[in-house]
Amino acid sequence: MNKLIEKEFNQQIKLEMESAYLYMAMGAWAKAENLDGLATWMQAQALEEMGHAMRFHNHLLDRGAQVRLQNLGIEKIKWRSAVEAFQDTVKHEEFITSRIHFLVDLANKHKDSPARNFLEWFVKEQVEEEATANKILADLRRVGDSGHGLLMIDRELGVRPIALPVLGPTEAGAGA
Ligand code: FEO
């Protein structure tokens, strides 16, 4: 595997784990604010992000490349409102999307077909993640940040199941 792609895939493991940390922090904040549904949604999202990190991790292993774990740098622990939390979520997902597109360009530049194929899943996933976060943000803005509307949205967010993520290969490169 090209050394620059290896380095940037390692960086992406860090960014996906930082995504998990960010959503765990938002979940903890939401729980303290009695927004239990939002807390559940964020915990489910955090688990998904760990799955994203593991997909990159497993792809590196299956290519015989080096996994280098790094320190995580998420420090924010408080938000003024659910709207602000989802503004940050949208901003963060837009950043992750730009990273995925950067990785696709890199894989194309170095004619790395396995990496490009691997990244296809993430291209689709980011469309979904941005759309979901934008929809929730729009709903929250519509109802304002207190009262009955917020309670309704919180209930809706709370039905998201907390499930273990799909990690992608390995088991020696088998599977999806
Ligand atoms: Fe792994 Fe939410 O991007």
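Biologist: Is Lys-7 buried or exposed?
Modeller: In this predicted model, Lys-7 is exposed, because its relative accessible area is 54% and the cut-off for exposed is over 50%.

Biologist: Which residue does Lys-7 form a salt bridge with?
Modeller: The partner of Lys-7 is Glu-8, and the closest N and O atoms of the two are 3.7 Å apart. Glu-8 is buried, with a relative accessible area of 11%.

Biologist: And what does Arg-99 form a salt bridge with?
Modeller: Arg-99 also pairs with Glu-8, with 2.9 Å between the closest N and O atoms. Arg-99 belongs to helix H3 and Glu-8 to helix H1, so this pair ties together parts that are 91 residues apart in sequence. Both Arg-99 and Glu-8 are buried.

Biologist: Which residues do salt bridges with shared partners join into one network?
Modeller: That network consists of Lys-76, Glu-84, Asp-88 and Lys-91.

Biologist: How many salt bridges are there by this rule?
Modeller: The count comes to 13. One of them joins Arg-68 and Glu-6, whose closest N and O atoms are 3.3 Å apart. That pair links distant parts of the chain, since Arg-68 is in the loop between H2 and helix H3 (82-109), Glu-6 is in helix H1, and 62 residues separate them.

Biologist: What is the accessibility of those two, Arg-68 and Glu-6?
Modeller: Arg-68 is partly exposed at 48% relative accessible area, whereas Glu-6 is buried at 4%.

Biologist: Changing topic: how many aromatic pairs does the structure hold?
Modeller: There are 8 aromatic pairs. In one of them, the rings of Phe-9 and Phe-56 have centres 5.0 Å apart and planes at 80 degrees, so the pair is edge-to-face. Phe-9 lies in helix H1 and Phe-56 in helix H2 (residues 36-62), so the contact ties together parts that are 47 residues apart in sequence.

Biologist: Are Phe-9 and Phe-56 buried or exposed?
Modeller: Phe-9 is buried, with a relative accessible area of 0%. Phe-56 is likewise buried, with a value of 0%.

Biologist: What is the geometry of the pair formed by Phe-56 and Phe-118?
Modeller: Phe-56 and Phe-118 are edge-to-face, with 5.0 Å centre to centre and 80 degrees between the planes. The pair links helix H2, which holds Phe-56, to helix H4 (residues 113-143), which holds Phe-118, across 62 residues. Phe-118 counts as buried at 15% relative accessibility.

Biologist: Which residues do the ring pairs link into a cluster?
Modeller: The cluster consists of Phe-9, Phe-56, Phe-118, Trp-121 and Phe-122. Arg-55 lies over the face of Trp-121, 3.6 Å from the ring centre.

Biologist: Which charged end sits over the ring of Trp-41?
Modeller: The charged end of Arg-160 does, at 4.7 Å from the centre of that ring.

Biologist: Next, Leu-140: where is its place?
Modeller: Leu-140 is in helix H4 and is buried, with a relative accessible area of 0%. Apart from neighbours within four places in sequence, Leu-140 is in contact with Ala-82, Val-83, Phe-86, Leu-150 and Ile-153.

Biologist: Last topic, the surface. Which residues form a nonpolar patch there?
Modeller: Tyr-21, Met-24 and Leu-72 form that patch, with about 260 Å² of accessible area together. Tyr-21 lies in helix H1 (residues 3-32) and counts as partly exposed at 41% relative accessibility.

Methods: Residues are numbered from 1 along each chain as its sequence is written. This is a predicted model: local features need pLDDT of at least 70, side-chain atom pairs count only at pLDDT 80 or more; totals for chains, interfaces and linings use all residues. Side-chain values use heavy atoms; hydrogens and water are left out. Patches are made of residues with over 30% relative accessible area and no salt bridge: like charges are joined within 9 Å, nonpolar side chains (Val, Leu, Ile, Met, Phe, Trp, Tyr) within 5 Å. Accessible areas come from the Shrake-Rupley method with a 1.4 Å probe; for residues, only the protein chains shown count as cover. A salt bridge is a side-chain nitrogen of Lys or Arg within 4 Å of a carboxyl oxygen of Asp or Glu. Helices (H or I, at least four residues) and strands (E, at least two) are DSSP runs, numbered from the N terminus. Buried means under 20% relative accessible area, exposed over 50%, partly exposed in between (1.4 Å probe, protein chains only). Rings of Phe, Tyr and Trp (its six-membered ring) pair if their centres lie within 6.5 Å; planes under 30 degrees apart count as stacked, over 60 as edge-to-face and the rest as tilted. A charge sits over a ring if NZ of Lys or CZ of Arg is within 6 Å of the ring centre and within 35 degrees of the ring normal. Contact means heavy atoms within 4.5 Å.
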